[in-house]
Amino acid sequence: MAKTHPKTTARAKRVRRIRKKIAGDSVQPRLRVFKSNKHIYAQIIDDTVGKTLAAMSTIDKEFQKSDDDKTGMAKKVGLLLAEVAKSAGINKVVFDRGGYIYHGRVKALSEGAREGGLQF
């Protein structure tokens, strides 16, 4: 049996604790953030149906030729996700930071989404 890193275990506990309190519905879906060492991913989820309504990440084509740092690219992900959400008729979301500290790339993504017109 493989051991799990304590940071990974602690983040999983935070995610479970947060998800007890946060849920998205069709009126106000959940904006979920996941970050890896290289990329950041964001998706807007309707939890009542269990369906992803919109998604954006730094793996997408728009970011292949970008010279920005990871924080700058996270802000662009937020802006582009807000545009996609607006075109899908989504104005308000519940922010799910995914167990990460609201700092750095997570904060930049949320600020970009707010600048794009999403309300938290």
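**Hairpin, sheet and helices**

Me: β1 and β2 form a hairpin, so to speak; how many residues sit between them?
Reply: There are 4 residues between β1 and β2 in the hairpin. Helices (H or I, at least four residues) and strands (E, at least two) are DSSP runs, numbered from the N terminus.

Me: Where does this model come from, and how are residues numbered?
Reply: This is a predicted model: local features need pLDDT of at least 70, side-chain atom pairs count only at pLDDT 80 or more, and totals for chains, interfaces and linings use all residues. Residues are numbered from 1 along each chain as its sequence is written, and side-chain values use heavy atoms, with hydrogens and water left out.

Me: What about β1 and β4: parallel or antiparallel?
Reply: β1 and β4 run parallel, with 3 bridges between them. Val 94 in β4 is the bridge partner of Arg 30.

Me: What holds paired strands together in general?
Reply: Strands of a sheet pair through backbone hydrogen bonds, either parallel or antiparallel.

Me: What is the strand order in the sheet?
Reply: The order is β3-β2-β1-β4, in an open sheet of 4 strands with mixed pairing. β3 (51-57) and β4 (94-96) are the edge strands, each pairing on one side only. On average, neighbouring strands are turned by 20° against each other, direction ignored. Such angles run from 0 to 180 degrees between N-to-C directions, with axes fitted to C-alpha atoms, for helices over the stretch in contact.

Me: Which strands does α2 touch?
Reply: Helix α2 (residues 70-87) packs on the sheet and touches β1, β2 and β3. Its direction makes about 145° with that of β3. Contact means heavy atoms within 4.5 Å.

Me: And where does α3 lie?
Reply: Helix α3 (residues 105-116) lies across β1, β2 and β4, at about 145° to β1.

Me: Which residues of α2 are buried?
Reply: Met 73, Ala 74, Val 77, Gly 78, Leu 81, Ala 82 and Ala 85. They pack against β1, β2, β3 and α3. Buried means under 20% relative accessible area, exposed over 50%, partly exposed in between (1.4 Å probe, protein chains only).

Me: What comes just after α2?
Reply: Gly 89, which takes a positive phi of about 85°.

Me: New topic. Ser 57: buried or exposed?
Reply: Ser 57 is buried, with a relative accessible area of 8%. Ser 57 is found in strand β3.

Me: What is Ser 57 in contact with?
Reply: Ile 40, Tyr 41, Phe 63 and Val 77, leaving aside neighbours within four places in sequence.

Me: Zoom out. How many helices and strands are there?
Reply: The chain has 3 helices and 4 strands. From the N terminus on, the elements run α-β-β-β-α-β-α.

Me: Why call the chain as compact as a globular protein of that length?
Reply: Because its radius of gyration is 14 Å, close to the 14 Å that the globule rule gives for 120 residues. That radius is taken over C-alpha atoms, and the rule is 2.2 Å times the number of residues to the power 0.38.

Me: What share of the chain is buried?
Reply: Of the 120 residues, 34% count as buried.

Methods. Pairing = 2+ DSSP bridges.
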